[in-house]
Amino acid sequence: MKNISLLKKLLLSFFIVIVGSYIITSIMANKMIDKSFNSYLENQLKEKSDNIIKLVEKSYDESKGIINIDKESLNRYAEDGSFDIVVKDIKGNTLYSSGNGYLMGKGTMGNMMKKHSQMMKMYNFNTSDYVEEEHQLYKNNAAIGTISIGYLGNYNPTVQDMEFRGNLNSVLLYSVILAILFGLIMSLILSKQITTPLVQINKIANEMKRGNFNIRSKVQTSTLELNELSQSMNYLAEGLQMQEALRKRLTSDMAHELRTPLTTLLNYVEGFIDGVWQPTGEKLNSCHEEILRLTKLVERLQDIAKLEQANLVLNKSSFNLSIELKKVVEVYKPFYSKKKLTLIENIHDDLEVFMDKDKIKQIIYNLLSNAFNYSNEKGEVVLTAYKKEDNIVISVQDKGIGIAKKDLSHIFERFYRADKSRTRETGGTGIGLTIVKSMVEAHGGTIKVESKLGEGSIFTIVLPVGLTIK
Ligand SMILES: Nc1ncnc2c1ncn2[C@@H]1O[C@H](COP(=O)(O)OP(=O)(O)OP(=O)(O)O)[C@@H](O)[C@H]1O
Ligand SMILES: [Mg+2]
C-alpha cells in the first residue's frame with residue numbers, strides 16, 4: 001500500500017469532512033429556503049387576490065346596482081403583482097380587463113410576462129402554466145358579478161421577491177465559501193499541531209535506531225497522548241543509554257576480573273615450561289585455586305545473566321519459611337564451627353509464605369556466606385526471621401570486619417568488593433549481593449545494610465508475605 005504522510009492524510013480527511021458537511025448543509029438550507037419562500041409567495045398571492053376581490057366588492061354601489069371599478073388600483077395590482085384581472089357584472093358584461101397580457105407573445109404585457117417568466121427560471125422558480133381563478137363577487141350575500149384573476153404558476157413573485165431570493169442564495173453561497181476557507185485554514189493548523197510533534201518524535205526514534213541514545217525529545221504540546229509519547233521516548237532513550245553504559249562497564253569489568261587469575265595461571269605455566277619453577281604441590285594448588293576462581297566467576301556470571309533476563313521469573317509456592325530457614329542453618333553450622341563461629345538462630349515459628357523457595361534459600365546462603373567470610377574467628381552471627389504486618393523481616397547480623405562508609409552504597413553493584421585483598425582470600429567475585437538484591441526486588445521486597453567498620457554488619461530484608469494461594 002502506498003504510504004501517505006500523516007499531514008496529507010489528515011488534511012485530506014478534514015477537507016472531505018468540511019466540504020461534505022457544507023455541501024449537505026447548503027443543500028438542506030437551500031431546500032428549506034425554497035420551501036419557506038414558496039409558502040411565503042403563496043401567502044402573498046392569496047392575500048393579494050383577496051385584496052383585489054375585496055377592492056372590487058367594496059366598489060359596488062348598492063343604490064345604483066353597479067360596480068364602480070377603481071381602475072387605477074386594479075391596474076396597479078395587475079402590474080405590480082403581474083395579475084391579469086377581468087371583472088364582469090352579473091349579466092356577464094366585462095367591466096374591467098387588465099388586458100390579455102398573459103397570452104404569451106401578444107402585446108406589451110405579454111412581453112413583460114415573458115421576461116418575468118425568464119427571470120423566474122433564472123432564480124429557479126417553478127414556472128408552471130398560466131392559471132386562472134374565477135371567483136363570484138358578493139355584496140350582502142347577493143352575487144354582484146364575477147372576477148377572474150390570472151397569473152403564472154401557483155404563485156406570482158414580484159421582481160423584488162425574486163431579487164431577495166437571489167440575494168439569499170448568494171449570501172448562502174458566500175458563507176459556504178468562507179466557511180470552507182476557514183475550515184481549511186483551521187484544519188491545516190490542527191493537522192500541523194498533531195503532525196509536527198510526531199515528526200519530531202519520529203526523528204528521535206530514528207536517531208535512537210542509529211545508536212544515539214543521548215538524544216531527548218523536547219516536544220511541547222497540549223495533546224496529552226503526544227506528551228506521553230514524548231515522555232515515553234525519553235524514558236526509553238534513558239533506559240537504553242543506561243543499558244548501553246552497563247553493557248560497556250560489564251565488558252570492561254569482566255575483562256578485568258578475568259585478567260587477574262589468567263595472568264597468575266599464565267605466569268605459573270610459563271615458569272613450569274621454562275623450567276624456572278618446579279610444579280610443586282603448592283604451586284599446583286595455587287593454579288587450582290585460580291581455576292576454581294575462574295569457574296566460580298563464570299557460574300556467577302551465568303546467574304547474573306539469568307537474573308537480568310527482562311523479568312526474573314519466580315516460581316512461587318506456599319511453604320513454611322521457618323522450617324526452610326532452619327534447614328539452611330543446619331547446613332551452615334558445621335562450616336561455622338570450623339572457624340569457631342557461632343551461628344545463632346532467632347526464627348519465629350510458622351512463618352507461612354508464598355514465595356520462590358529456591359531463590360529465598362539462595363538469598364540466605366549468600367548472606368550467611370558473606371557473614372562467614374567477613375567475620376573473624378570466634379565471632380557470632382545471628383539469623384533472625386519474624387512477621388511484621390504483611391511482611392516477613394529476615395536479618396543476618398555479624399560481628400565481623402564491617403564495611404567502610406564509602407563502600408556501603410556500592411556493595412550491591414556487581415563486581416564491587418570492599419577489600420580486594422581480603423576477598424581474594426575468600427574467593428569472592430563481588431556478585432553475591434547483586435544477585436541477592438535482584439531476587440529480593442523480584443519478590444517486591446527491599447534490602448538494606450547497616451555496618452560499622454571493625455564492628456560488624458546487619459543486612460535486613462523485608463519481603464511481602466505474598467498471596468497464600470494454594
Ligand atoms: N557481612 C559482610 N561484612 C563485611 N563486608 C561485607 C559483608 N558482606 C559483603 N561485604 C562486602 O561487600 C562486597 C560484595 O559482597 P558480595 O557478596 O556481592 O561479593 P563477594 O562476597 O565479594 O563475592 P561472591 O560473589 O562470591 O559473593 C564484599 O566483597 C565485601 O567487601
Ligand atoms: Mg558474597
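Biologist: Which residues of α11 are called buried in this predicted model?

Modeller: G432, L433, T434, I435, V436, M439 and V440 are the buried ones in α11. The label needs a relative accessible area under 20%. The cover over these residues includes α6, α8 (357-373), β12 (446-452) and β13. After α11 comes G444, with a positive phi near 80°.

Biologist: What makes N320 buried or exposed?

Modeller: N320 has a relative accessibility of 13%. Buried means under 20%, so N320 counts as buried. It is found in strand β7 (residues 317-320).

Biologist: How do you know that the side chain of N320 makes a polar contact with the side chain of E352?

Modeller: The distance is 3.4 Å, and the cut-off for such a pair of N or O atoms is within 3.5 Å. The N320 side chain also reaches the backbone nitrogen of I323 at 3.2 Å. Leaving aside neighbours within four places in sequence, N320 is in contact with D350, L351 and E352.

Biologist: Now the ligand, please. Which residues are closest to ligand 1?

Modeller: Ligand 1 is surrounded by 22 residues, and the closest are N370, Y374, T429, G432 and L433. At least two residues of this shell come from each of α6 (281-307), α11 (432-442) and β13 (456-464).

Biologist: What makes the approach of K296 to ligand 1 a polar contact?

Modeller: A polar side-chain atom of K296 lies 2.9 Å from an oxygen atom of ligand 1, and the limit is within 3.5 Å. An N or O atom in the side chain of Y374 is 2.9 Å from an oxygen atom of the ligand. For G430, a polar backbone atom is 2.9 Å from a ligand oxygen. The protein covers 98% of the 590 Å² of accessible area that ligand 1 has on its own.

Biologist: Why is the pair K326 and D349 called a salt bridge?

Modeller: Side chains of opposite charge can pair when their charged atoms come close. Here the N to O distance is 2.9 Å, and the definition asks for within 4 Å, so the pair qualifies. K326 lies in helix α7 (residues 321-338) and D349 in the loop between β8 (342-347) and β9 (352-355), so the pair ties together parts that are 23 residues apart in sequence. Salt bridges with shared partners also join E324, K327, K357 and K361 into one network.

Biologist: How do you know that R216 and E238 form a salt bridge?

Modeller: Their closest N and O atoms are 3.9 Å apart, and the cut-off is within 4 Å. R216 lies in the loop between α4 and α5 (224-274) and E238 in helix α5, so this pair ties together parts that are 22 residues apart in sequence. A search of the whole structure finds 13 salt bridges.

Biologist: Why is L184 called partly exposed?

Modeller: Its relative accessibility is 28%. Partly exposed lies between the limits of under 20% for buried and over 50% for exposed, so L184 is partly exposed. The residue sits in helix α4 (residues 159-209). Leaving aside neighbours within four places in sequence, L184 is in contact with F15 and I18.

Biologist: And what makes Y174 exposed?

Modeller: Y174, also placed in helix α4, has a relative accessible area of 56%. With L173, I177, L178 and L181, Y174 makes a nonpolar surface patch of about 550 Å².

Definitions and conventions
Residues numbered from 1 in each chain as written. Chains lettered and ligands numbered in written order. Predicted model: local features only at pLDDT ≥ 70, side-chain atom pairs only at ≥ 80, totals over all residues. Heavy atoms only, no water. Helix = DSSP H or I, 4+ residues; strand = E, 2+ residues; numbered from the N terminus. Buried < 20%, exposed > 50% of the residue type's maximum accessible area, 1.4 Å probe, protein only. Contact = heavy atoms within 4.5 Å. Patch = residues over 30% accessible without salt bridge, like charges linked within 9 Å, V, L, I, M, F, W, Y side chains within 5 Å. Areas by Shrake-Rupley, 256 points an atom, 1.4 Å probe, with all protein chains shown as cover. Salt bridge = Lys/Arg side-chain N within 4 Å of Asp/Glu carboxyl O. Near = heavy atom within 4 Å. Polar contact = N/O pair within 3.5 Å; in protein donor to acceptor, adjacent residues only side chain to side chain.
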